[in-house]
Amino acid sequence: MVEKTIKILRYFGGALWTVENPRRSQLWRRPVARPLMAHLATTSYCRYGFAYMKTTTFAHHPALALHLRPPCDRTGGCGQMRYGKHLEHAQRGGGGACSKGHTRDELHRIPWGLCCDIVESVERS
Ligand SMILES: [Zn+2]
């Protein structure tokens, strides 16, 4: 899958691109992913209003100045924590202060504000 992704990115040459995966994903440790890893940006979904943290890394084209909100530092500045915990966990089975479970589709959503930051970064690059 990663090799195919890299092949597609090369096919489109100079087009700006970004590839996202959770920060702790095995993808980032695989040698096959090295061509993607020269330029990385990391953020957390809670910084964009989601009740769970889900810290995510974006590999991106070198010419794309990707400006994202900084990852959550778990001090509560994201506004999504109560009693030292995020309100929810990005898990199907729940967890967090409210312990709400999520469907796979819910967990694959990307916050609207994050999408806007990516689009604005592309437009400025
Ligand atoms: Zn947070």
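User: How many helices and strands does the secondary structure of the protein come to?
Analyst: This is a predicted model. Its secondary structure was assigned to helices and strands, and the totals are 3 helices and 5 strands.

User: Is helix α1 well covered or hardly covered, and what is its count of buried residues?
Analyst: Helix α1 takes in residues 2–11, which is 10 residues. A buried residue needs 20 or more other C-beta atoms within 10 Å of its own. Helix α1 is hardly covered, with a buried count of 0.

User: Which residue with positive phi follows α1?
Analyst: The phi value in question is near 55°. The residue that carries it is Gly 13.

User: What percentage of the residues in the protein is buried?
Analyst: The protein has 125 residues. The buried share of these is 24%.

User: Which elements give two or more residues to the largest nonpolar core?
Analyst: This core has 18 residues. Tyr 45, Cys 46, Phe 50, Tyr 52, Met 53 and Leu 66 have the most contacts inside it. The elements giving two or more residues are β3 (55–60) and α3 (112–124).

User: Which residues does Tyr 45 touch, not counting those up to four places away in sequence?
Analyst: Tyr 45 is among the core residues with the most contacts inside the core. Touching here takes C-beta atoms within 7 Å. Its partners are Phe 50, Tyr 52, Met 53, Lys 54, Thr 56 and Pro 111.

Definitions and conventions. Residues are numbered from 1 along each chain as its sequence is written. This is a predicted model: local features need pLDDT of at least 70, side-chain atom pairs count only at pLDDT 80 or more; totals for chains, interfaces and linings use all residues. Helices (H or I, at least four residues) and strands (E, at least two) are DSSP runs, numbered from the N terminus. A residue is buried if 20 or more other C-beta atoms lie within 10 Å of its own, exposed if 12 or fewer, and partly exposed in between; C-beta atoms are placed from the backbone. A nonpolar core is a set of buried Ala, Val, Leu, Ile, Met, Phe, Trp, Tyr and Cys residues joined through C-beta atoms within 7 Å. Two residues are in contact if their C-beta atoms, placed from the backbone, lie within 7 Å.
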